Amino acid sequence: MIPADDLKHIAFERLSDAEILFRAKRFDSAVYLCGYCMEIYLKHKICQTLNWPGFPSTGKDFEKFKSLKTHDLGVLLSLSGAENFVLKEHLLSWSPLLEWNPEFRYRVVGTVREEEAEEMIESVKTMIQIL
């Protein structure tokens, strides 16, 4: 298990890394890392919602919780217990995250514009604040 507090710390570190990449004009990498930041933070939120001390991390840990072994931010938002609130009150902030998936790692460099990367970073910051 990954302790819930560690997940929160890791998410903030990934966000910081994404901001550094953004300032270095590495927009594709910044967006890619933002997605993982949100994934990790949502897993932290799931731990809070379910009152778990940590999140499954090994194959054995996931045996009973296969639906949690996902990178799909929509699924994780649903499992976090915050889906209705986010979709009703913060859809505009959540929307940029709907497009993210881990396959972005294969995108041709230069695909993401500066404005898109900035929007993604702001979206993650907002979502972390409201969750």
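This is a predicted model: local features need pLDDT of at least 70, side-chain atom pairs count only at pLDDT 80 or more; totals for chains, interfaces and linings use all residues.
Let's start with charge: the protein chain carries 16 positive and 20 negative side chains, and the centres of these two sets sit 5 Å apart.

Residues are numbered from 1 along each chain as its sequence is written, and side-chain values use heavy atoms, with hydrogens and water left out.

**The overall build**

- The protein chain has 6 helices and 2 strands; these are DSSP runs numbered from the N terminus, with helices being H or I of at least four residues and strands being E of at least two.
- Reading from the N terminus, the order is β-α-α-β-α-α-α-α.
- The radius of gyration is 14 Å, close to the 14 Å that the globule rule gives for 131 residues, so the protein chain is as compact as a globular protein of that length. (The radius is taken over C-alpha atoms, and the rule is 2.2 Å times the number of residues to the power 0.38.)
- Along the principal axes, the C-alpha atoms fill a box of roughly 40 × 30 × 20 Å.

**Surface, inside and contacts**

- Of the 131 residues, 40% count as buried. Buried means under 20% relative accessible area, exposed means over 50%, and partly exposed is in between, using a 1.4 Å probe and protein chains only.
- The protein chain exposes about 7600 Å², and carbon and sulfur atoms supply 52% of that. Accessible areas come from the Shrake-Rupley method with a 1.4 Å probe, and for residues only the protein chains shown count as cover.
- Take the contacts with a separation of 6 or more: 75% of them are between residues 24 or more positions apart. A contact means heavy atoms within 4.5 Å.

**The nonpolar core**

- The largest nonpolar core has 38 residues, and M38, L42, W94 and L97 have the most contacts inside it. Such a core is a set of buried Ala, Val, Leu, Ile, Met, Phe, Trp, Tyr and Cys residues joined through side-chain atoms within 4.5 Å.
- At least two residues of this core come from each of α1 (4–23), α2, α3 (73–80), α5 (91–98) and α6 (114–130).
- Helix α2 gives the most, with 13 residues.
- Leaving aside neighbours within four places in sequence, L97 is in contact with M38, L73, M120, S123, V124 and M127.

**Along helix α2**

- A30 is in helix α2 and is buried, with a relative accessible area of 0%.
- Not counting residues up to four places away in sequence, A30 touches A18, L21 and F22.
- A30 and V112 are 82 residues apart along the chain, yet their C-alpha atoms are separated by 9.3 Å.
- H44 also belongs to α2, which covers residues 27–50. H44 is buried too, at 3% relative accessible area.
- Apart from neighbours within four places in sequence, H44 is in contact with A4, L7 and K8.

- K25 lies in the loop between α1 and α2, and at 56% relative accessibility it counts as exposed.
- Phi of K25 is near 65 degrees, a positive value in a residue other than glycine.
- For background, most residues other than glycine have a negative phi.

**Strand β2**

- G54 is in strand β2, residues 54–55, and is buried with a relative accessible area of 3%.
- Setting aside neighbours within four places in sequence, G54 is in contact with M1, I2, P3, A4 and C47.
- G54 and L42 are 12 residues apart along the chain, with 12 Å between their C-alpha atoms.

- S78 is in helix α3 and is partly exposed, with a relative accessible area of 38%.
- From S78 to K43 is 35 residues in sequence and 11 Å in space, C-alpha to C-alpha.
- S93 is in helix α5 and touches S123, T126 and M127, not counting residues up to four places away in sequence.
- S93 and M120 are 27 residues apart in sequence and 8.8 Å apart in space, C-alpha to C-alpha.

Key. Lys and Arg count as positive and Asp and Glu as negative; His and the chain ends are not counted. The place of a charge is taken as NZ of Lys, CZ of Arg, CG of Asp or CD of Glu.
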